[in-house]
Amino acid sequence: MAMPPLNPSLASQQANPMFRIAALIHGRGDVLHLEFGEPDFPTPAHIVAAAEASLRDERQGYGPGNGIPSLRAAIAARVARVNQFTPTPEQIVVTAGGTGALMTSLLCLCAPGDAVLVPDPAWAGYDAMLAVAGARKVYYPLLPDQDWQPDFAAMERLVTPRTRVLLVNSPSNPGGAVFGRAVVAHLLAFARRHDLWLLSDECYDEMLFAGEHVSPAALEAEERGDAGGRVLTIGTCSKTYAMTGWRVGWVTAPPALAPALTLAVSAQVNNLPLFIQRAAEAALTGPQDGVGAMRASYQARRDLAVEVVRARGLLEYVPAGAFYLLVHVARAAGVPAEAPFESVAFAERLIATRRIAVAPGAAFGPRTARYVRVSLASDAVTLRAGLTGLLDFAAHDPSEATRTEQAP
Ligand code: PLP
């Protein structure tokens, strides 16, 4: 039967290969899971207790679209501590995770047909957001031989009169790159020169193993003497506090943007549930020692993964942040640079033959089409067994590893 047309930018959207991998392993306890960035720690008890107390003692009614004032004040203090700039609570809008913060921002910054500069490789989640906003993705390269730092010369050639937003993600998913002060200054100058918004996804800002976290908004504030300007900063409780399923994050923006951001949140969810906001407040204002302990554990796993890959002569870089490692599996399987390689078929066959799940590099952009991403958020035993199995599969079973058709 004929149907009325759908929104073409959504209807034409290809499903990300991650969804296919997720469908293959859904509910399977016999698979070593290295595919998702899902912390394996429980949410700290004092955060859960704050949510329980709210559910017990407070009416769970409608609330302000930009979030309750006490949570916005707690976020402002946290941003001053971690991101090194000091927004007023009025510059902060509470959202459904970093995802909600990014979606809300893109809805405010882009008209349909506008272009957004997105890193290649980038987190796969941006694609659907750009489709919903009707915006076009234009990749700018990150360079594998320079620890996945941006290629500024290439970026200059990508800007057109329709380019509105430069999206930056440090510490980055999937590369684990951390952009230092000089690189961030360069990105900010680039955004200024081309009159772009700078949307800074800092969801991993407390997952740092080396160097310092530099927020573009902090540099902007140093230069301008306030936190206004062109930078929007995205934060979340998901990774730092092992709260992925709670769905609470925020965007910090120049004051003039707060009404439009609040409108976009209100249109989607009206407001976040009160008990979730109380939990986020407890996370941000309560004891922080759990954060350091989780970070130390991720760092130990990063070291373990680096050691396993280095022992095979395949280490290209050491991730400085987030909790991922990119492994060049085409090289591990001895595939010549000019020969085709399918990271999705590789990841499917790895599940079928070895029961190991990783994220295919094609999910993140053309630059990582010959890689897979290994998540360091899995426990050390799973990580060692999975990574060793992955490298064995590539090295000892290359005809199976490099077959290009999809697994049954
Ligand atoms: N940004 C990046 C780079 C991510 O990797 C993720 C999640 O994996 C998010 C944002 C979204 O995080 P959340 O919506 O759980 O806060």
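## Basis of the model

The model is predicted: local features need pLDDT of at least 70, side-chain atom pairs count only at pLDDT 80 or more, and totals for chains, interfaces and linings use all residues. Residues are numbered from 1 along each chain as its sequence is written, and side-chain values use heavy atoms, with hydrogens and water left out.

## Two domains

The domain assignment divides the protein into domain 1 (8-36 + 290-401) and domain 2 (57-285); such bounds come from an automatic or database domain assignment. The contact (heavy atoms within 4.5 Å) takes 26 residues from domain 1 and 34 residues from domain 2. The C-alpha centres of the two domains lie 26 Å apart.

Between them, domain 1 and domain 2 bury about 2,600 Å², with 62% of it on carbon and sulfur atoms. Buried area here is the accessible area (1.4 Å probe) that two parts lose on being put together, summed over both. Twelve residue pairs, both at pLDDT 80 or more, are in polar contact between domain 1 and domain 2. A polar contact is a pair of N or O atoms within 3.5 Å; within protein, one must be able to donate a hydrogen and the other to accept it, and residues adjacent in sequence count only if both atoms are side-chain atoms.

## The domain 1 side of the contact

On the side of domain 1 that touches domain 2, the elements giving two or more residues are helix H1 (8-11), helix H12 (289-311) and strand S10 (324-327). H12 gives the most, with six residues. Helices (H or I, at least four residues) and strands (E, at least two) are DSSP runs, numbered from the N terminus.

The residues on this side of domain 1 divide into 15 nonpolar, seven polar and four charged. In this grouping, Ala, Val, Leu, Ile, Met, Phe, Trp, Tyr, Cys and Pro count as nonpolar, Asp, Glu, Lys and Arg as charged, and the others, Gly among them, as polar.

## Helix H9

Helix H9 covers residues 216-224, and its buried residues are Pro216, Ala217, Ala218, Leu219, Glu220 and Ala221. Buried means under 20% relative accessible area, exposed over 50%, and partly exposed in between (1.4 Å probe, protein chains only).

Most residues other than glycine have a negative phi, and most peptide bonds are trans. Serine 170 and proline 171 are joined by a cis peptide bond with omega of about -10°. Another cis peptide bond, with omega of about 10°, joins asparagine 173 and proline 174. Proline 171 is in the loop between strand S6 (163-169) and H8, and proline 174 lies in the loop between S6 and H8.

Aspartate 147 is not a glycine but has a positive phi of about 55°. Its place is the loop between strand S4 (136-143) and strand S5 (149-150). Tryptophan 148 has a positive phi near 60° and is also found in the loop between S4 and S5. Aspartate 147 is partly exposed because its relative accessibility is 42%, whereas tryptophan 148 counts as buried, at 1%.

## Salt bridges

Side chains of opposite charge can pair when their charged atoms come close. The structure holds 22 salt bridges. One of them joins aspartate 30 and arginine 28 (3.0 Å, N to O). Aspartate 30 is partly exposed at 38% relative accessible area, and arginine 28 is partly exposed at 29%. A network of salt bridges links Arg78, Arg81, Asp205 and Glu206.

In the salt bridge of glutamate 212 with arginine 181, the closest N and O atoms are 3.3 Å apart. Glutamate 212 lies in the loop between S7 and H9 and arginine 181 in helix H8, so this pair ties together parts 31 residues apart in sequence. Aspartate 195 and arginine 230 form a salt bridge whose closest N and O atoms are 3.2 Å apart. This pair links distant parts of the chain, with aspartate 195 in the loop between H8 and S7 and arginine 230 in the loop between H9 and S8, 35 residues apart. Aspartate 195 is exposed, at 58% relative accessibility, whereas arginine 230 is buried, at 19%.

Key:
Salt bridge = Lys/Arg side-chain N within 4 Å of Asp/Glu carboxyl O.
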